[in-house]
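Dear colleague,

Please read them alongside the coordinates.

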Amino acid sequence: MDFFVQRFVLCRRLLLALVLCGCGGLQEGELLPVEETLGTEKAALCSGLSVTSLTVTGVSTYQGEMASSGNWTLSSGANAIRLEYLVDGAVMYFEERLGASGTWYFSTSNVACGSHTFQVKAYPMVIDSAGTRTTCISNPTSSTMSYPNEACPIPTATLNCSRPFKGTEIQCTGSSGGGTGSHTPYWQINTASWSSGGWTKTYSCPTICPAGVPTEYCGSWQMQIKFKVIDAAGVTSNISQSFSYTCKDDIR
């Protein structure tokens, strides 16, 4: 019985070998299907695609809002574009637009006054009938750098000082308006260095004259207080100053 089973198995093997030989057999490379990688597929799809033109027609800032627009054109084979909008080198947002050419628009708020940089980056895209998106990130085009600027408002400073009759103290109060954000007050006496401080100051202006010495013979010197502010944007106000107060020196 075992003899007949062995002959049956051997015959099946010989028959299978004859069939494979008759059909030419399997080549080594056909044993497993060859799978094309996603990166290779995208590289082939993006080959020759480009953004042929990318323009900026104007950039402006006003009261914290920046706006711009421009045009774009793609090479043959691309049917969409990815646009990135950069302010001071940081991407504010990006979008995708369909078509071989068109116009883009940009706007953003909360932009600080002063000078900034603005730039657009574009990448050709292919969107197939199934909605699959392929962005050719290795084929970017950048616009020429733009430098929009909005002058910062200038803050104003006001100083009020008073000296009680024959008193030894000068009392001053500073105030400010306009500008951007909060203000930091700065004070100066005569030509000394500026120093930051609060909004009120009291300075000593002595009226001492040595005993027995007539007042007209006492030496005298002047004290003048100056005040300014610097706002949150770093803009300096005007300088407001007091009267020149005469203080008597003790010449002993």
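**Aromatic residues**

W104 is buried, with a relative accessible area of 0%, where buried means under 20% relative accessible area, exposed means over 50%, and partly exposed covers what lies in between (1.4 Å probe, protein chains only). This is a predicted model, in which local features need a pLDDT of at least 70 and side-chain atom pairs count only at pLDDT 80 or more, while totals for chains, interfaces and linings use all residues. Residues are numbered from 1 along each chain as its sequence is written, and side-chain values use heavy atoms, with hydrogens and water left out.

A search of the whole structure finds 9 aromatic pairs, a pair being two rings of Phe, Tyr or Trp (its six-membered ring) with centres within 6.5 Å, called stacked when the planes are under 30 degrees apart, edge-to-face when over 60, and tilted for the rest. In the pair of W104 and F118 the ring centres are 6.3 Å apart and the planes stand at 35°, so this pair is tilted. The two residues come from distant parts of the chain, W104 from strand 6 (residues 101-108) and F118 from strand 8 (residues 118-127), 14 residues apart; strands (E, at least two residues) and helices (H or I, at least four) are DSSP runs, numbered from the N terminus. F118 is also buried, at a relative accessible area of 0%, and W104 and F118 belong to one aromatic cluster together with Y85, Y93 and F106.

**Salt bridges**

For charged side chains, the search of the whole structure gives 3 salt bridges, each defined as a side-chain nitrogen of Lys or Arg within 4 Å of a carboxyl oxygen of Asp or Glu. R82 is joined to E84 with 3.1 Å between the closest N and O atoms, and both R82 and E84 are buried. E95 and R97 form a salt bridge at 3.1 Å, N to O, and R97 counts as partly exposed at 25% relative accessibility. The side chains of R133 and E96 meet at 2.7 Å, N to O, and this pair links distant parts of the chain, with R133 in strand 9 (residues 133-135) and E96 in strand 5, 37 residues apart. R133 is partly exposed at 46% relative accessibility, and E96 is partly exposed with a relative accessible area of 35%.

**An open sheet**

Strands of a sheet pair through backbone hydrogen bonds, either parallel or antiparallel. Here, 3 strands form an open sheet in the order 12-13-16, with antiparallel pairing, and two strands are taken to pair if DSSP finds at least two bridges between them. Strand 12 (156-162) and strand 16 (200-204) stand at the edges with a single partner strand each, so one side of each is left without a neighbour in the sheet. The twist averages 25° from one strand to the next, with axes taken as lines fitted to C-alpha atoms (for helices over the stretch in contact) and angles running from 0 to 180 degrees between N-to-C directions. Strand 13 (residues 169-177) pairs with strand 16 in the antiparallel sense over 5 bridges, and the bridge partner of Q171 in strand 16 is T202.

**Backbone angles to check**

Most residues other than glycine have a negative phi. D88, however, has a positive phi near 55°; D88 sits in the loop between strand 4 (80-87) and strand 5 (90-98), and is partly exposed with a relative accessible area of 46%. N190, also not a glycine, has a positive phi of about 50°, and its place is the loop between strand 14 (183-189) and strand 15 (195-196), where N190 is partly exposed at 27% relative accessibility.

**The whole chain and its confidence**

The chain has 2 helices and 20 strands, and 30% of its 252 residues count as buried. Among contacts (heavy atoms within 4.5 Å) between residues at least 6 apart in sequence, 62% join residues at least 24 apart.

The average pLDDT, the predictor's confidence in each residue from 0 to 100, is 83 for the chain, and 79% of the residues score at least 70. Where pLDDT is low, the predicted coordinates should not be read in detail.
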